[in-house]
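Please look over the sequence and the structure shown here before reading on. The text below is meant to be read with both in view.

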Amino acid sequence: MHHRPVEFSCTTIDRDLPLRVTIDANQNVKVAPGPGAAVTPPKDQWLISSGLVDLQVNGYLGTDLSDPNLSVEHAESFCRQLAGVGVTRLLPTITTNSHQALIASLRRLSSLSEESDLFSRMTLGIHLEGPFISKLDGPRGAHPREFCRPCDLNEFALLQQAAQGLIKVVTLSPEYESATSFIAEITRQGLIASIGHTAASPEQIQSATQQGAQMSTHLGNGMHTEIARHPNYLWEQMASDELHAGLIADGVHLSPAILKSIVRTKTPQRCFLVSDTTSLSGQPAGRYRDSVLGDVEVTDDRRLVIAGQRLLQAGAYKPLKDAIPIIMRDADVSFTTALKMASEFPAAAIGHRDSFPFDPQSCTGDFIVFQRDKNNRCDVKLAVVNNDVLFSNLD
Ligand SMILES: [Zn+2]
């Protein structure tokens with residue numbers, strides 16, 4: 001397909017370094033130092049930064065990533081929709097289900113990675129959230145109780161085989177005796193054990209980090225509504241420097257005080273933002289049927305809940321970029337830090353510190369170009385991975 005060549009200038013967010021972006025007729029992208037042609041519209045400067053990295057995505061805008069029949073076309077349109085909201089890399093996330101259902105979902109994701117270049121490029125691996133999590137109400141969140149089970153290396157080996165080795169992060173609960181050897185073994189395999197949906201004791205949390213656990217999944221969510229004041233699994237994870245914390249900063253899942261407390265305690269570098277979106281995220285208000293969760297509602301104020309009540313969340317509604325103004329306001333961090341919490345910090349948390357975040361000196365890496373409004377919302381103009389345009393809205 002022939003495209004009109006484009007050239008424009010933009011500025012890095014930290015150092016105000018002017019860069020020139022050119023896209024030729026074959027959609028090859030080049031970034032170079034120095035200002036370029038006039039920006040349209042000229043009134044606001046466009047900014048360039050690393051693409052967003054979302055380590056927890058169950059789906060978005062009608063696409064369910066656990067659907068065993070997800071077509072290549074559908075998966076690719078999902079990828080472009082996500083790139084349109086600034087996400088250039090993600091971990092498709094599969095949640096607690098029966099063994100057979102998990103096998104089917106993981107098989108489909110691994111074959112999509114073979115069938116679609118776009119899907120495989122954006123996918124950094126799979127996040128398996130469950131099934132080795134707490135059965136208890138509160139900690140299990142919306143995961144179906146009947147399928148929550150103790151950590152099992154034999155079952156995991158079958159799941160990883162179905163995924164063709166793509167599982168990268170496993171959210172699990174250290175409350176099970178089998179968790180210790182499980183965490184040690186998957187860590188030895190180069191995977192990341194992430195503590196989440198847990199009722200573990202502080203000692204069990206400590207033992208998990210000693211075995212190599214490196215992450216907390218959506219810290220502050222997937223908990224009992226009431227817990228012992230201290231010690232408890234929340235303080236223990238907040239105080240553990242080994243654990244990078246995933247945070248759902250959507251204005252619904254965490255109150256401003258807890259969000260600020262976690263970010264201040266851990267430091268922003270050890271926190272990363274996740275969307276936790278599902279197929280219903282971005283959909284109009286109403287009642288929907290989810291294959292795993294049952295009846296789910298999108299409320300008028302754009303929240304995703306188990307139908308018939310308002311306390312139990314069924315995932316998050318907003319894309320990752322919408323967390324940027326919220327974390328700035330609630331945790332009092334700068335725009336630059338907030339952007340890094342949604343891009344470079346999650347990349348670093350899974351071992352990609354330097355492999356693809358954008359480097360303004362060498363002009364290499366994944367990037368997005370966007371316009372920042374006065375409320376710190378980002379309007380994405382361009383998303384690029386490996387010099388390929390995933391999304392553009394430059395006119
Ligand atoms: Zn969860």
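The paragraphs that follow go from the whole chain to its domains, then to a helix pair and some backbone details.

This is a predicted model. The protein chain contains 11 helices and 20 strands. Along its principal axes, the C-alpha trace extends over about 60 × 45 × 40 Å. The radius of gyration is 21 Å, and a compact globule of 395 residues would have a value near 21 Å, so the two agree. Buried residues make up 50% of the 395 in the protein chain. Of the contacts with a separation of 6 or more, 68% are between residues 24 or more positions apart.

The chain is divided into two parts: domain 1 covers 6-48 + 358-392, and domain 2 covers 49-349. Their C-alpha centres are 29 Å apart. Where the domains touch, 20 residues of domain 1 and 21 residues of domain 2 take part. On the side of domain 1, strand 4 (47-49), strand 18 (367-372), strand 19 (378-385) and strand 20 (388-392) each contribute at least two residues. Strand 19 has the largest share of that side, with 4 residues. By class, the side of domain 1 that touches domain 2 consists of 13 nonpolar, 4 polar and 3 charged residues.

Next comes a pair of helices. Helix 2 (residues 99-115) and helix 4 (residues 153-162) have axes that come within 7 Å and cross at roughly 30°. Angles under 35 degrees count as roughly parallel, and therefore helix 2 is roughly parallel to helix 4. Helix 2 makes the contact through His99, Leu102, Ile103, Leu106, Arg107 and Ser110, while helix 4 uses Glu155, Leu158, Leu159 and Ala162. The residues of this contact comprise 6 nonpolar, 2 polar and 2 charged.

The remaining points concern the backbone. Gly130 and Pro131 are joined by a cis peptide bond, with omega about 0°. Pro131 sits in the loop between strand 9 (126-129) and helix 4. Another cis peptide bond runs from His230 to Pro231, with omega near -5°. Pro231 is in the loop between strand 12 (215-216) and helix 7 (233-239).

Positive phi values are found at His197, near 45°, and at Asn387, about 65°; neither residue is a glycine. His197 belongs to the loop between strand 11 (192-195) and helix 6 (202-211). Asn387 is in the loop between strand 19 and strand 20. Is each of these residues buried or partly exposed? His197 counts as buried because it has 30 C-beta neighbours inside 10 Å, whereas Asn387, with 15 such neighbours, counts as partly exposed.

Terms used:
Residues numbered from 1 in each chain as written. Predicted model: local features only at pLDDT ≥ 70, side-chain atom pairs only at ≥ 80, totals over all residues. Rg over C-alpha atoms; globule rule 2.2 N^0.38 Å. Buried ≥ 20, exposed ≤ 12 C-beta atoms within 10 Å, placed from the backbone. Contact = placed C-beta atoms within 7 Å. Domains from an automatic or database assignment. Nonpolar A, V, L, I, M, F, W, Y, C, P; charged D, E, K, R; others polar. Axes fitted to C-alpha atoms, helices over the stretch in contact; angles between N-to-C directions. Parallel < 35°, antiparallel > 145°, perpendicular 65-115°, else oblique.
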